[in-house]
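Please consult the sequence and structure alongside the text.

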Amino acid sequence: MASLSSTLATVIPSSPEFSKTATKRRLKTHAKRTHRFQVSCNDHEKPPTTNPQPEKLILPPETSLNRQNVDRRNLLLGLGGLYTTTNLNTLPPVFANPIKAPSFVPGCTDSLWNLDFESGVRTGACCPPAAKELEMDYKFPTTGETRIRQPVHRASPEYIQKFKDAMQKMKALPDDDPCSFKNQAKVHCAYCNNSYTQMASGYPEKVLQVHYSWLFFPFHRWFLYFFERILGDLIEDKTFGLPYWNWDNPAGMEIPAVFEDGGRSNPLYNSYRNVNHLRPAVIDLDYRMKERNISPLDQVRVNLCIMNRQMKRNASDPTSFFGGEYVAGDNPISSVGSIEAGCHTAVHRWVGDPRTPNEEDLGNFYSAAYDPLFYVHHANVDRMWTLWKGLGGEGRKEPNDKNWEEASYVFYDENRKPVRVYNKHCVNLEDLKYEYEDSETPWKSNPPKPRSATYSETTSPENVTEMEFPLSISETVTVQVKRPETNRPKDQKKTIKEILLLKGINFNGGKFVKFDVFVNIFEDINRISPCESQYAGGFGLLPHKTSEKMNSKTGVRIELTELLEEINADGDDSVQVTIVPRVGCDDVTFEDIKIELIDVYEKESN
C-alpha cells in the first residue's frame, strides 16, 4: 500500500506545511477573563452504600473546633475542602456550588467500590499514592521559558530522543513515586473511572466524573500540564514541550512511527494496540468498531468533514463544545461536548486492542493513560480548544459561570507536592507557559455538502409528540420533530441557533456506545457519507471498567441552522430525525427529543 504522505497532494493543495522546510508558527490563546473548578477518590466503581469516613480537619489544639466559635461557611470556603462531609445544601444559594476534588489526604479507600479486578490487563486499583502533606493552591512559576508543543510527525530526531529519554526515566521511577508513569496513569484512572466521589463538595454518595460535561477539557489540560512538567524535570530541560499527535491534519492521520519503531525497547511502544491499525492505516475519526473499507484518500476526506462538523457546525457555543453544566450534587447529565463525543472517543477506540478483555489500553477509561499515545492524543484534543477559540465568533469562549470557573482538582507537581488547581487558571496559555507549533487545518475549508435527495417508499415516521418515552434505540428509530419556527431572518440566525436536543440519554457506562444521527433521509442510510449534510453527527462514549451494569446519563446537542439551509428544509414545519445504533445501544434510551431556538450568547455575565 502506498504511504499516506505520497497521496496527500490529491486531497490537499500543496502548502509549506508539508515541506521539511516549513515555516514554524506558534499557536496560543489569550484569555478575555479568568476561570476556576473542584473533586474526591475511592478505588472502585459504584457509590458506597454507607458514607465513607470524612476527611479530618487537623488544627492546632488552641484552635480546635470544639473550643472555638468558628463560622461554618467561612471555614468551608476557606480551607480548600478539608472539612467534614456535612451536606452543603444548607448554604445560601448566593454561593457557587462547583465540584471540588478531594485532598490526597487520607487517600483512596479501595474497599468502597465494586470494580472488576479480574478481567483486565491493568490494575483496577486506581488511586495514586496518599500525600504526606496537605495540598496548597498552585502558583505558577514566575520564571521559565515557554514550552513549544510540536506535531510528532514533523519533530526532529533530537526532539524525539528527548521525549523518549524523559519517558524512559519516568517509567524507571519506583511505584511509590507520585511522578512515576504508573502513578500518572492511575491519576487519570481515578478521575475518569469513578474512583472519586463528590465528598469534598458535601456529597459523598455522588460519584465524580470528569467526562460527559464541561469538566472534560479543563481537567485534561491540567493533567497534561503536570505530566509535561514532570517529563521536563526528569531530563533537566525546562523548555521541553509535550508533542501532539496531529490527527486532524492529513500528514498526521497515522499512528506516529516513533511509537512503534524498536518494539519493546522503545519507551513509547505499547503492545496493547490494534495491530490492524498500525501504519500505514489511516485513522477513522468517526470510528464505530467496524472498518469502512474505503480508500485512504476517501478516509482522509471523511476525517476532514468530521472535524469541520465537530469544530464548527456543532460547536458554535460553549455548551456545544465543552459540554453541559455539572455542579456539586449533580450527575453529569446535561450534554456531552462535540469533540469529546466525536474524534476524541473515535481515536481511543480505533487504537484500543480488540484482543484484550476491555479494549485496553486506549479503548477504556481505566487503562487509557498506560499507553504513551494517550498523552500525544490528548495534547491534540487540548489543541482543539485553542483552535476553536481562534475560529472567531462571540460564542467561542469558555463557560461564563462561577461553577465552571471555581471547579478544582488536585495533582502532584514535578516536585511531588500535592497542589489544587482551578478551571479559571487554565484558560490563558501564557500563564501555563506553553504554545502549539502551528499546523495547517484543511478541515476548516471542507464542510459537509448536501446530498441530492432520492426517494424510496417508506412508512411515514411517527410524530415525536405521540411517541412513548423513554425511547429505545436498540433498533433504528425515525421520528418527525416539529420546529419552533421557519424561515428565520439571517440576523437572528447569527445569535439564536436552532438546535436538536437529545435529552436524558440513559446508557450502560461499562459499554462502548456509538450512534449516528441523520436528518431528512429518504433512502438507504448506508449510502449516506459523513461528508454529506444529512449526516448530522456521530456520538461515541468511551466505556468504564466495571463488573456490573453502570447506569449513566448524558445528552447531545446538534445544530440544525446551516444543515436545514443546505438541504432546502428551512421552510419546513418539521424535520425527520433518524437515529442509527452502531455499537452498544441495546439498552440505550432517550427521555426526550426536541428542537429549540437557543440564544448561544445570552450568558455574557455572571
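The points below are grouped by topic. The model is predicted: local features need pLDDT of at least 70 and side-chain atom pairs count only at pLDDT 80 or more, while totals for chains, interfaces and linings use all residues. Residues are numbered from 1 along each chain as its sequence is written, and side-chain values use heavy atoms, with hydrogens and water left out.

**Overall composition**
- The protein chain contains 12 helices and 18 strands, taken as DSSP runs (helices H or I, at least four residues; strands E, at least two) numbered from the N terminus.
- Of its 606 residues, 60% are buried, meaning under 20% relative accessible area with a 1.4 Å probe, protein chains only.
- The chain exposes about 24300 Å², of which carbon and sulfur atoms supply 47% (Shrake-Rupley method, 1.4 Å probe).
- Among contacts (heavy atoms within 4.5 Å) between residues at least 6 apart in sequence, 80% join residues at least 24 apart.

**Nonpolar core**
- The largest nonpolar core has 149 residues; such a core is a set of buried Ala, Val, Leu, Ile, Met, Phe, Trp, Tyr and Cys residues joined through side-chain atoms within 4.5 Å.
- Helix H4 (residues 216-234) gives the most to this core, with 12 residues.
- Tyr191, Leu502 and Phe515 have the most contacts inside the core.
- Not counting residues up to four places away in sequence, Leu502 touches several residues, including Phe515, Val517, Ile558 and Phe590.

- Strands E6 and E7 (residues 418-422) run antiparallel and are joined by 5 bridges.
- Val410 stands opposite Arg420 in E7.

Key. Buried means under 20% relative accessible area, exposed over 50%, partly exposed in between (1.4 Å probe, protein chains only). Two strands pair if DSSP finds at least two bridges between them.
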